[in-house]
Amino acid sequence: MTTIPVAVPRKGRPLEAVLDRVAAVADLEGQADSIASTLRYEKAVTKGTQTPAEDVYDRLAKYSDTDRYHPEYTLLRDARLGVPRRIVFDSLRVDLGEHELHLVGREEPFRALRKHEFGLGFDSADLVLEEVVSIEPEPLSSLDELNDRIDPHDTDVRVVDGLGDTVHHALLSMPDVADAPDREFLRRYEGPLCISPRYERLVRAVLGTEATDGVSFRYPDDRDEEAAIASIGVGIYLTVTGSTARDHGLSVGERLFPSETVLLENPTEHEDAAAAVAELLVGGIGTPV
């Protein structure tokens, strides 16, 4: 049996998307649900909405098991003042018959592939946009455009396919600025645009340099993103249903780019077995984008 290591996020929606996909191909729904519920509980403990009866080390011991195919957890050091260490996903081995899949938790799976530590990995498409996608005059609007925007001299990593856990970066505005803001509106617009500072490079790539001429980026600082956008008038934020945006009086406009968990590969670290596993994990969705 060949073991194929795959880098995955340690927590959050992207990890849950990976676990759902693995459960679908390996009949591990119960185990995937258990991992997800454990990590959600630990997140609630970190945020102070749950008060555990046991300390963090006792909980970690309780979650541990000597079985080879039992999930393993570890403690993540949180650098924020006053926030305790958090229990996060560490690894899981999955028997796929001919191959064994070894999911390995990493804080930054995409960067682990860039450093040639893995041949396969899962991470948010946002990270690809934030780090290696070129910023060009023309906008970028879909996953299948990503690989064409990656400089081969910058990284060997390529996007294989998405998992469909899509949350869109959407254009939001107050109705007195625009009722249904879209890319055409942005091409004409000049003025402040509220975004999260970590997404500035992503937004420039998604909109293109032609649309960002005359736009000045503003940041929420310590305010909620929707509240900050409402005060400024126009902004871009991740939104699922748009209900919280509308609670702030905002109109939800065009969906600009999907924030989706994607399967990544580093072909220089690829083997035939890894290629077979990659095909299994994208569930026959199609050929690489």
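Asp20, Asp27, Glu29 and Asp33 form a patch of negative charge on the surface. The model is predicted. Across the whole structure, a search finds 20 salt bridges.

**The negative patch**
- Asp33, one of the patch residues, lies in helix H2.
- Asp27, also in the patch, sits in the loop between helix H1 (12-26) and helix H2 (29-47).
- Asp27 counts as exposed because its relative accessibility is 64%, over the 50% cut-off.

- Most residues other than glycine have a negative phi.
- Asp27 is not a glycine, yet its phi is positive, at about 55°.
- His116 is not a glycine either, and has a positive phi of about 65°.
- His116 is placed in the loop between helix H4 (109-114) and strand E5 (120-124).
- With 32% relative accessibility, His116 counts as partly exposed.

**Salt bridges**
- Lys11 and Glu107 pair through their side chains at 4.0 Å, N to O.
- This pair links distant parts of the chain, 96 residues apart: Lys11 is in the loop between strand E1 (2-9) and H1, Glu107 in the loop between strand E4 (99-106) and H4.
- Glu131 and Arg114 meet in a salt bridge at 3.2 Å, N to O.
- Glu131 lies in helix H5 (residues 125-131) and Arg114 in helix H4, so the pair ties together parts 17 residues apart in sequence.
- Arg187 bridges to Glu184, with the closest N and O atoms 2.8 Å apart.
- Arg187 and Glu184 are three residues apart in helix H6 (residues 183-188), so about one helical turn separates them.
- Salt bridges with shared partners join Glu108, Arg111, Arg114, Glu131 and Asp154 into one network.

Conventions. Residues are numbered from 1 along each chain as its sequence is written. This is a predicted model: local features need pLDDT of at least 70, side-chain atom pairs count only at pLDDT 80 or more; totals for chains, interfaces and linings use all residues. Side-chain values use heavy atoms; hydrogens and water are left out. Helices (H or I, at least four residues) and strands (E, at least two) are DSSP runs, numbered from the N terminus. Buried means under 20% relative accessible area, exposed over 50%, partly exposed in between (1.4 Å probe, protein chains only). Patches are made of residues with over 30% relative accessible area and no salt bridge: like charges are joined within 9 Å, nonpolar side chains (Val, Leu, Ile, Met, Phe, Trp, Tyr) within 5 Å. Accessible areas come from the Shrake-Rupley method with a 1.4 Å probe; for residues, only the protein chains shown count as cover. Lys and Arg count as positive and Asp and Glu as negative; His and the chain ends are not counted. The place of a charge is taken as NZ of Lys, CZ of Arg, CG of Asp or CD of Glu.
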